[in-house]
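Please read this report with the sequence and the 3D structure side by side.

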Amino acid sequence: TVDSSTLGVYMITYNLTDAAGNKAAQATRKVTVSDTTAPAIALKGDAEVRVEAGTAYVDGGATATDVFEGDLTARLATDNLVDSLKLGEYTVTYRVSDTAGNEGVGTRKVTVSDTTAPTLALVGDAEVVHEGGTAYTDAGTVATDSFEGDLAAKVVVTGVVDITKLGEYTLTYNVSDATGNAAAALTRKVTVVDTAAPVITLKGSP
């Protein structure tokens with residue numbers, strides 16, 4: 001008999017005798033039960049995954065099954081080289097071998113990308129009244145990116161305040177991260193007014 005559940009070499013013997021008692025030459029067949037099939041690896045989750053830069057990557061894992069030995073998930077080895085602090089494409093590799101040395105390999109593609117726009121907030125009021133003729137110093141903004149951190153140095157301000165001319169002026173603030181994600185633009189209205197009375201200085205003694 002051949003036991004297909006046990007690896008090894010089996011011999012099947014065939015004999016034949018006719019009604020007169022004459023025996024045919026015995027015939028044999030050698031059957032080798034071997035395991036040449038690699039285990040199959042099934043991913044848990046998608047084969048291609050995107051993760052936001054700066055956030056922790058938690059891999060979904062995989063399962064491994066062998067046609068001869070059954071569940072080999074406990075033997076899985078995982079090479080997870082994903083660095084969520086660096087943009088790019090990474091490959092998570094799963095490997096498992098059965099007792100016969102057949103190796104199964106599975107992979108998952110992980111893309112670390114930055115899709116979150118920076119946040120931009122005004123320092124001070126959105127509407128400012130400024131006395132004409134005096135130097136104007138803008139309060140500025142706070143710009144923060146979830147991946148790159150402080151982007152204050154990258155804030156672009158458009159518009160000027162002319163302290164020599166009464167009127168309303170608009171300053172616009174924009175900032176983008178290195179990937180090109182732009183924050184929602186902010187504006188500040190500065191109104192240059194004249195509320196100070198003239199100063200009279202006597203020439204000579206009062």
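## A salt bridge and a network

The side chains of Glu148 and Lys154 meet in a salt bridge, with 3.4 Å from N to O, where a salt bridge is a side-chain nitrogen of Lys or Arg within 4 Å of a carboxyl oxygen of Asp or Glu. Glu148 is partly exposed at a relative accessible area of 28%, and Lys154 is also partly exposed, at 41%; here buried means under 20% relative accessible area, exposed means over 50%, and partly exposed lies in between, with a 1.4 Å probe and protein chains only. Salt bridges that share partners also join Glu127, Glu168 and Lys189 into one network.

This is a predicted model, in which local features need pLDDT of at least 70 and side-chain atom pairs count only at pLDDT 80 or more, while totals for chains, interfaces and linings use all residues. Residues are numbered from 1 along each chain as its sequence is written, and side-chain values use heavy atoms, with hydrogens and water left out.

## Further charged pairs

A search of the whole structure finds eight salt bridges, among them one between Asp79 and Arg95, whose closest N and O atoms are 3.7 Å apart. This pair links distant parts of the chain, since Asp79 belongs to strand S7 (residues 77-79) and Arg95 to strand S8 (residues 88-97), 16 residues apart. Asp79 is partly exposed at 38% relative accessibility, and Arg95 is partly exposed at 35%.

Another salt bridge joins Arg75 and Glu69, with the closest N and O atoms 3.3 Å apart. Arg75 has a relative accessible area of 42% and is partly exposed, while Glu69, at 26%, counts as partly exposed too.

## Overall form

The protein has 16 strands and zero helices, both being DSSP runs numbered from the N terminus, with at least four residues (H or I) for a helix and at least two (E) for a strand. Its radius of gyration is 39 Å, well over the 17 Å that the globule rule gives for 206 residues, so the protein is more spread out than a compact globule; the radius is taken over C-alpha atoms, and the rule is 2.2 Å times the number of residues to the power 0.38. Along the principal axes, the C-alpha atoms fill a box of roughly 160 × 25 × 20 Å.

Of the 206 residues, 25% count as buried. Among contacts (heavy atoms within 4.5 Å) between residues at least 6 apart in sequence, 54% join residues at least 24 apart.
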